[in-house]
Number of protein chains: 2
Amino acid sequence: MPTASDFERMLRGASLRVTAPRIAVLSAVHTHPHADTDSIIGVVRQNLGAVSHQAVYDVLRALTGAGLLRRIEPQGSVARYEARVGDNHHHVVCRSCGAIADVDCAVGHAPCMDASDDHGFVIDEAEVIYWGTCPVCTTAAKSS
Amino acid sequence: MPTASDFERMLRGASLRVTAPRIAVLSAVHTHPHADTDSIIGVVRQNLGAVSHQAVYDVLRALTGAGLLRRIEPQGSVARYEARVGDNHHHVVCRSCGAIADVDCAVGHAPCMDASDDHGFVIDEAEVIYWGTCPVCTTAAKSS
DNA sequence: TCATTAACTTGACTCATTCCAGAAAAGACG
DNA sequence: CGTCTTTTCTGGAATGAGTCAAGTTAATGA
């Protein structure tokens with residue numbers, strides 16, 4: 001788990017100013033992967049006290065733009081954030097409870113990047129979302 | 001292009017009642033692939049006159065649930081609908097203008113279905129979105 | 001044709017996210 | 001260390017896609 005000074009280094013590395021809300025948000029996303037904005041606000045407030053929701057939205061956007069965070073928003077869900085960036089990985093989402101888990105890319109280095117017919121598009125990223133049922137919900141469904 | 005009676009047959013096949021709004025929505029989505037809800041409302045009203053937005057939302061949900069339409073919502077975009085269902089295909093989205101194009105699945109029958117570590121999830125669908133720049137925006141960027 | 005039940009209308013409402021303007025703090029520089 | 005400039009934070013209002021609820025209308029099937 002990165003420390004506050006690690007977060008500070010990350011911010012400086014991205015030429016972003018170092019502020020308490022930013023460190024708190026970074027830390028919150030690291031400890032709560034795939035959390036939605038509201039949960040992040042809650043965690044940040046637990047650590048810092050009063051922080052406006054606007055500040056958290058701003059920080060999330062700034063950090064996402066700087067590449068320190070990644071924003072994901074599966075259908076039917078609000079925006080969620082995660083700290084794993086730069087390694088091409090994807091997600092499994094549970095249709096029943098909305099749980100999200102990370103999935104490393106199945107097919108090697110730059111996978112799924114081959115569209116059969118790209119219609120002239122210049123493709124720079126392939127985003128994959130697996131839909132299914134998580135272990136908990138699968139068990140619950142069987143026993144009912 | 002399917003006719004009104006084709007749409008009627010599709011609705012009956014899904015044991016849904018045949019109503020003017022439903023046929024109009026089906027037709028609108030067929031003629032305007034990847035249209036958002038608002039555009040669909042516009043097209044439907046051009047054909048039928050007054051139709052409440054609620055009716056269109058209801059119809060879209062009913063038809064999506066019945067498998068006659070498919071709902072897609074790329075990040076940063078509102079919900080969009082398309083009529084191509086049942087054939088595993090994906091989408092390319094232009095980062096610049098938001099244009100969407102269909103892409104047939106690159107890797108054969110049930111592709112991308114192999115997550116390297118599924119965390120115990122039972123996966124039933126893999127959704128792929130390619131991000132890039134469409135031909136129009138690529139050209140525009142070059143000439144500037 | 002009539003009864004039943006699903007679908008549509010209207011209008012208010014929710015809720016994530018964004019916009020705005022002023023106050024505060026951070027970093028740079030002398 | 002103190003001032004200046006820029007960026008960030010606060011608080012509140014606004015936006016907009018989508019939903020809820022109650023009542024009316026119309027499709028279906030006997």
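Begin by selecting helix H4 of chain A, residues 53-65, which in this predicted model contributes five residues to the surface near DNA strand D, the largest share of that surface.

Next, display the side chains of Pro21(A), Ser52(A), Gln54(A), Ala55(A) and Ala79(B), which come nearest to DNA strand D among the 22 residues around it.

Now move to chain B and select its open sheet, in which three strands follow the order S1-S3-S2 with antiparallel pairing. Strand S1 (35-36) and strand S2 (70-72) of chain B stand at the edges with a single partner strand each, so that one side of each has no neighbour in the sheet. Zoom in on S2(B) and strand S3 (residues 80-82) of chain B, which are joined by three bridges in the antiparallel sense, and pick out Ile72(B), which stands opposite Arg80(B) in S3(B).

Finally, show both protein chains and superpose chain B on chain A, which takes a rotation of 180° with 0.1 Å of shift along its axis and leaves an RMSD of 0.1 Å. The two copies are therefore related as by a two-fold rotation axis. To locate this axis from chain B, select Val128(B), whose C-alpha is the nearest to it in that chain, at 2.2 Å. Both copies use the same surface, as 100% of the contact residues of chain B recur in chain A.

How values were computed:
Residues are numbered from 1 along each chain as its sequence is written. Chains are lettered from A and ligands numbered from 1 in the order in which they are written. This is a predicted model: local features need pLDDT of at least 70, side-chain atom pairs count only at pLDDT 80 or more; totals for chains, interfaces and linings use all residues. Copies are superposed by least squares on the C-alpha atoms of residues with pLDDT of at least 70 in both. Two residues are in contact if their C-beta atoms, placed from the backbone, lie within 7 Å. Two strands pair if DSSP finds at least two bridges between them. Helices (H or I, at least four residues) and strands (E, at least two) are DSSP runs, numbered from the N terminus. A residue is near a molecule or strand if its C-beta atom, placed from the backbone, lies within 6 Å of it.
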